[in-house]
Amino acid sequence: MSQNSSKYSLFTSSFYAFTFTISILLWWFYPADFSIPSESVPLVGQASKENVLVGARVNLFYKAAFSGTIIWLILIALFQYVYRKNFTSLKQYANGLYFTIPVLPYVYLAITGAQVQSVIVLLLGIKVIFLLRSIFSKHINLRLKENAIPFSFEITLGFIFLFHIVTQFFFGHVVWIHENSVFVMLAALLLVQFKLYFLRKISDEKFKRIILLTAAGVPFLVFLAVEIQVWSLEKGWAAFGFKKIFILLQFIWFVCAWIVVKKSQMNFFEISKKVFLPSLIFGYTLLVFYQPISQPIYEFFELANPANAVMRTLQFGEIPMLDFMSSHMFYEQWYGLFYQWVFGVSNQLDFTIYAFLNLYLFFLVIYVILVKLGFNLKSAGLFIFFFPILHHVFFAPVIFAFFVLFMTMRIAKKPTHKNVFYLFLLLFALVLWRIDTGVVAIFTAFIFVPLYFWVSKASISFKAILKGLGLFLSLLIGLLLIALSLRPWDKIWQNFLSALHYVKGSQAHGYAEIFDGSYHQFYIFHTLFVALAIILIVYASYSIRQNSTKKMHFQNDKWLIFSIFSFIVFLANAQRGLVRHGFGEHNELFYSSTFYLGLALFCVHFIRKRKEQFQYALFFSVLFFAFIGTKYFPFFPKELNSSSWIKPASFVDLNWKLSPGNYQGRIINKTAFEKEHFGEIKSYLDETIAPHETFIDFSNTPMLYYYCQRKVPGYFNQNLQNTIDDFLQEQLLHEIDKEAMPIVIFSAYPPSWFDATDGILNTIRYDKIADFIFKNYHPIGVLNCHSVFGLKNRNWQSISKNDTLISQPSAVNLGYLAGWEGNKYISNTWKENNFLVQENSLAVFDTSFVQTFTIQDALVGKSGVSVILKVHPDAKQYLNETETNVIFRDSTGREVHHVRFKRDDNQFANYAFRLSNHYFWQQHGSLTMEFPSVVGIEKVRLIKVK
C-alpha cells in the first residue's frame, strides 16, 4: 500500500471513528440529569434554588472526555485493521461517507437541544451493518448503475424503509413496536443481508423488476387504503377495514406491476429512478406530515385563503382568478378542491389533511434538482431523508422557479418556437400556481435566459422568439374570450385592477423596521450575501463562457449554472425580506431563500473531478455549516422531520379511530371547537337572515365565512386584509348590498391583534368601510367573543351579551399618517371630490389658554367627514417633529375621543384624519374639538366627500 493510500486510510479511519465516538457518547450520556438527589442537603445558592447539582456537570464533562478519547483510539485501530484485511480498493471505502456525513450535523443539533437521538442511532446502526457486510463480503458494490447487481445495499435500505411503513401501518398501535421502531428496522436490515444470497441466485431479471415495482406501490397503497376506509365511514357504509383494503390493493398492484414489466422495456435502474425512489419520498412525506385524523386548527385568518377558495368554487360556482383571488393562488386551492370533490362539500377542515401533498411536490422538485446535478439515487435519497434543514436551504415558496432553469437549458439545446412558447406558458402557470413564485420566476428568467445564452455561446433566431411569443399571446386571447363568454367585461376588468392593486401594495404590508437588533446578522445578510452573490454570478458566468463552445452544453459546468440560477433567485426573492418577512419577524429565510444553495453549488463545482462521495459530502457540509455560521441557532428542543418519520404518529391508534363504532370524523373535538369559536354566530345567522344573505367581516376573521357557509363579499378570500387602498375600499363598497349583507362581524370582543394588524386599527386602515358601517349598522350584541352589528332599519333578535366597549371613550395614535392624509386631502383630486363644510382660525402661537372648535350639530353623525389642520408657514421655525393631541368632548364636557399624531412641519403643511370612521361620531349630537397645544396650527377645516 502506498504512502498516500496509507494516509488516506488513516484519515478515513479517524473520521469514521470520530463520528462513531460522538454517536456512542450521545447514546450513552444523553439526556443528562443534573437534578439534585432527594437524599442530598445542598448548600444554599442559585443553583440549589433551580435544583441543579453543579458537581454532576463537572463529572459528566470529564467522564465524557476520558471515555470518548479511549473509544476513539480503539475504533481507529479497529477500522485500520478492517481496511487492511477486507477492502481491495480504497475507493470503495469512501462510500461509507454517505452514511457518515449526516451524523455530524445531527450531533450538533443534539447538543443544541433538538430531539434527534433516534436519527443518530439509526445512522450508526446502518453504518455498523455496512461494516459487517464489508467484512464478510468480497464483492462490494454500493453504486447503483444500470448494470449493477439488483437489490444492492441502497435498494435494501429502501425495502427496509417500506417494511417500516408497513410495520407502522399494521402494528403502530403496539406500543413496543412504536417506541422501538429504530431497532426493529435495524434488525430487519441485518436479517435481510443474510437473505440476499437467495435473491441474488434468482436469474429472472423480470421477476426482480416486478418485486421492485410492487414494493414501490406500498406508500401510495397505504394512503389509499386509509382514505377508502375514511370515505366509506363518511358515507355511512360498512367499513371493510383499512388493513384488508391494503392487502387487496397490494394484490391488484402486484398484478398490474407484472403486466407493466412484461409489456414495457423499463429496466431495473429506470424503475428505481422513476418509481421506487419517488415512492420512498412519498412514504417519508406520509409518515411525517400525513394525519388521517386531526385536531381542529385554531386559526381564522390565513386558513381563509384555501378554505374560502374551496367554498366559493364548489358551493357558489365561482371561478378562481376570474371571480376571486387568494394570496397564494392555486398552490393552496388544488388539494382542497380535490378533497371535497371526492368526499363532498362541508364546512369542516377535513380538506387540510391533504395539504401534505404540497410538501411531497416540494420534495420531488428537490429530487429532480439533485438528479439533474448528477447525484446518484442513493445520495439524492439520503439527502432528502437526512438533511436536517432541508426546508431552510431549499426554500419552498420559490423552488418551482427551477423549472425555468430546466426549460432554458432545453431551449438552448433545441431553440424552437415551441420551446419558447413553453417557457412563456411556464411563467404564466407559475404565476397562477403561486404569485410570489411567479414573480420570482419572471424576474429570474428576465436576467438568467439572456445570460445563459451569452455564457454558453448558444443562439436562437429572432423569428423563433416572435413565433413563440405569438403563440402565447394567442393563448391569452383565447382564455380572455372564454372569460368574456362567462362574465361581463366590466366585471373582469375591475377584478383585474383589484388584483393589480393588491399585488403592488407592498407599502400596506411592509414593516417600518425589518431587523430585531441583530446588527451583525442583518448586515451579513443584506450586504455580504448580496455582494457575494453578484461577485460569484459574474465570476461563474465569465468562467463558463471562457470554457464553453457552441457544440458543448457544458456538462462539466452544470454546478456553476445551477449556482448562478440560485443566486439570481435569491436576489429576485430578497424583496420579500425587505418588505415584511425578515429579521423583524425572525423569519429571515424569506430573504436568504436560495443563497445557501447557490453557495454550496459554487463550492462543489471546484471538486467536480474528484470522487463523487466527496462532492456529496462537501455539498451536504457547506449547506449546513454555511447556514449555521451566518445565523443564530434556530433549533429548539423539538423533533425534526427526519426524526419524526422514525417514530411516526400517523398510524398510532388508527385501529381504534377508524373503527365504525369509534369514528367521529376526520376532525375530532370539532363540536367543542364549533361551540367556542363560531357556533353562536352561525346559529344566529341561520335564524335571523335568509340563506342567500351574508355578512361583512370587519374583524379580520374571514374563516367565519367558511364555517358559516356564507358568500364572501368582494374579490379577495381575505376580503378585509387584502383591501389595502382607497381604490379597493371603493370597489368593495360598490359590491356591498347592505340589504343582502344585513350583519357585520365588527371586531373581536375584547379587541385582538387582528383588529389592529401591525398596530393600525381596522377603523383607521379601512376608514371608508368603517364610515359605511357606522352609518348603516349599530351594535346588537356579542357572540362567540365577537361584537356583532346589525342593519339599523331591521329589528333584531335580542342577544344576551351586549357590547359595552364600543361606547367607551376611544383613542388613536396616527403617527405620521395624519401628515400623509393631509397631503392627500389638499391634492387636486381631493379638491374636486370634497367640499368645505366648516372652517375656523386659531391663535397660531398663543398657548396661554386651551382653544376649542365647536363642530356644527347638523354635521355630527354625517358620513364622509374629515378634519384638516393647516399649519402656519412660520411654525417650522419653532417646532420640528413634535406631537399634537386633539381631544373630542361631548356636550357635558366628557372626553369621548383622543387623537394623537406626529408632526414634521418641514415636510407637511396640513394634517388630516377622518372623523366619521369612529363610533363616537354617531353617538353624540354635539361635539367640541379641544387643542391642548395649538402652536403653529392656524386653521381647522371640516370637509365632506360629495
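Here is a short walk through a predicted model, from its nonpolar cores to a helix pair and a sheet.

Let's start inside. In soluble globular proteins, nonpolar side chains tend to be buried together. The largest nonpolar core here has 200 residues, and Phe 383, Phe 394 and Phe 619 have the most contacts inside it. Helix H27, spanning residues 558–579, supplies the largest share of this core, with 12 residues. Another core, of 32 residues, lies apart from the largest one, and its members include Phe 853, Ile 855, Leu 859 and Leu 942.

Next, turn to a pair of helices. The axes of H15 (residues 304–314) and H16 (residues 334–343) come within 9 Å and cross at roughly 50 degrees. The crossing of H15 past H16 is right-handed. On the H15 side, the contact is made by Pro 306, Ala 309, Val 310, Thr 313 and Leu 314, while H16 brings Tyr 335, Gly 336, Leu 337, Gln 340 and Trp 341.

Finally, look at the sheet. Five strands form an open sheet in the order S5-S10-S9-S12-S7, with mixed pairing. Strands S5 (810–815) and S7 (851–855) are the edges, each pairing on one side only. From one strand to the next, the twist averages 20 degrees. Within this sheet, S9 (residues 883–889) and S10 (residues 895–902) pair in the antiparallel sense over seven bridges, and Val 886 stands opposite Val 899 in S10.

Terms used
Residues numbered from 1 in each chain as written. Predicted model: local features only at pLDDT ≥ 70, side-chain atom pairs only at ≥ 80, totals over all residues. Heavy atoms only, no water. Pairing = 2+ DSSP bridges. Helix = DSSP H or I, 4+ residues; strand = E, 2+ residues; numbered from the N terminus. Axes fitted to C-alpha atoms, helices over the stretch in contact; angles between N-to-C directions. Core = buried A, V, L, I, M, F, W, Y, C linked by side-chain atoms within 4.5 Å. Buried < 20%, exposed > 50% of the residue type's maximum accessible area, 1.4 Å probe, protein only. Left-handed = near helix turned anticlockwise from the far one by under 90°. Contact = heavy atoms within 4.5 Å.
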